[in-house]
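Student: I have a model open and would like to learn how to read its features one by one. Where do we start?

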Amino acid sequence: MTSPVNRRECRVDLPAAHNWLVLDLRTDDPEPWALDLAGQHLGDEADDRLRTAFAEDLLWYWGAAVRQGALCAAVLAPRNDAIIASYTVRELRVPPESLSLAAFRAEAERAEGPYFGGVRGLSEVELPLGPALRIHRQEPTAPASDRGVVVEGVAHYVLPAGHPTALECRLLWTSLGLGEELVKVADELADSVRLA
């Protein structure tokens, strides 16, 4: 599945807005944007090294979202703290014959890598946008190494009513102690996604 060229407007209700930083995916000059947002987030008292490091983190998430063709993206970063989670919504180009939850389930069961493999963590849910396949997984980023990080996440693959494409709504995090709370947030975010 690849992202289509045509972009739609995406709206997501972000809880505790002061903890969420919306990524400007349309900026032509991301470095000044990231430095400005880092300064706003960390405050005037933060030193330049910290501001620059946070801006580099923002740019990494921004670049990943842009490469994925995300419609909208945000990161969760408690006030004056590091990024602990990222949320993206992207449109997927799916052949008409594969626009069904059964086809999504079959593809998820065949796929390898984070959030896939086996049927554990798969469920079908109904969202305001339409029916969705929900996947909740924990996966090591480097399964063959002792140094890999475990990433947890919830992805909703949605079939929006009246739209010829599917959406992937995904929240990812590495702070596993926050898993129970962030699973609820992922469901709330997917419930709030709207297309215009």
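This is a predicted model: local features need pLDDT of at least 70, side-chain atom pairs count only at pLDDT 80 or more; totals for chains, interfaces and linings use all residues.

Student: Which residue does cysteine 72 form a disulfide with?

Tutor: To find a disulfide, look for two cysteine sulfur atoms within 2.5 Å. The sulfur atoms of cysteine 72 and cysteine 10 are 2.3 Å apart, and the two form a disulfide. A search of the whole structure finds 1 disulfide. Cysteine 10 belongs to strand β1 (residues 10-11) and cysteine 72 to strand β3, so the pair ties together parts 62 residues apart in sequence. Cysteine 10 counts as buried because its relative accessibility is 10%.

Student: What about cysteine 169?

Tutor: Cysteine 169 is in no disulfide, and the nearest cysteine sulfur, that of cysteine 10, is 7.1 Å away. Cysteine 169 has 1% relative accessibility, so it counts as buried.

Student: Which strands pair with β3?

Tutor: Follow the bridges from strand to strand. Strand β2 (residues 20-22) pairs with β3 in the antiparallel sense over 3 bridges. Strand β4 (residues 85-92) also pairs with β3 in the antiparallel sense, over 6 bridges.

Student: Where is tryptophan 33, and what is in contact with it?

Tutor: For one side chain, take the element, then the burial, then the contacts. Tryptophan 33 is in helix α1 (residues 30-42). Its relative accessibility is 15%, so tryptophan 33 counts as buried. Setting aside neighbours within four places in sequence, tryptophan 33 is in contact with Val22, Leu23, Asp24, Thr27 and Trp62.

Student: How many aromatic pairs does the structure hold, and how are their planes arranged?

Tutor: Check the distance between ring centres, then the angle between planes; over 60 degrees counts as edge-to-face. The structure holds 2 aromatic pairs. Tryptophan 60 and tyrosine 61 form an edge-to-face pair, 5.0 Å centre to centre with 85 degrees between the planes. Phenylalanine 104 and tyrosine 157 have centres 6.2 Å apart and planes at 70 degrees, so this pair is edge-to-face. Phenylalanine 104 is in helix α3 (residues 101-110) and tyrosine 157 in strand β7 (residues 150-158), so the pair ties together parts 53 residues apart in sequence.

Student: Are the residues in these pairs buried or exposed?

Tutor: Tryptophan 60 is exposed at 55% relative accessibility, and tyrosine 61 is partly exposed at 24%. Phenylalanine 104 is buried at 4%, and tyrosine 157 is buried at 8%.

Student: How many salt bridges are there, and which residues form them?

Tutor: Look for a charged nitrogen and a carboxyl oxygen within 4 Å. The structure holds 5 salt bridges. In one of them, arginine 51 and aspartate 48 meet at 2.9 Å, N to O. These two are 3 residues apart in helix α2 (residues 48-67), which means a separation of about one helical turn. Arginine 51 is buried at 17%, while aspartate 48 is exposed at 57%.

Tutor: Arginine 134 forms another with aspartate 187, the closest N and O atoms being 2.8 Å apart. Arginine 134 lies in strand β6 (residues 130-140) and aspartate 187 in helix α4, so the pair ties together parts 53 residues apart in sequence. Arginine 134 is buried at 13%, and aspartate 187 is partly exposed at 28%.

Student: Which residues are linked in a network of salt bridges?

Tutor: Arg90, Glu168 and Arg170 are. Between glutamate 168 and arginine 170, the closest N and O atoms are 4.0 Å apart. Glutamate 168 is buried at 2%, and arginine 170 is buried at 17%.

Methods: Residues are numbered from 1 along each chain as its sequence is written. Side-chain values use heavy atoms; hydrogens and water are left out. Rings of Phe, Tyr and Trp (its six-membered ring) pair if their centres lie within 6.5 Å; planes under 30 degrees apart count as stacked, over 60 as edge-to-face and the rest as tilted. Buried means under 20% relative accessible area, exposed over 50%, partly exposed in between (1.4 Å probe, protein chains only). Helices (H or I, at least four residues) and strands (E, at least two) are DSSP runs, numbered from the N terminus. Contact means heavy atoms within 4.5 Å. Two strands pair if DSSP finds at least two bridges between them. A salt bridge is a side-chain nitrogen of Lys or Arg within 4 Å of a carboxyl oxygen of Asp or Glu.
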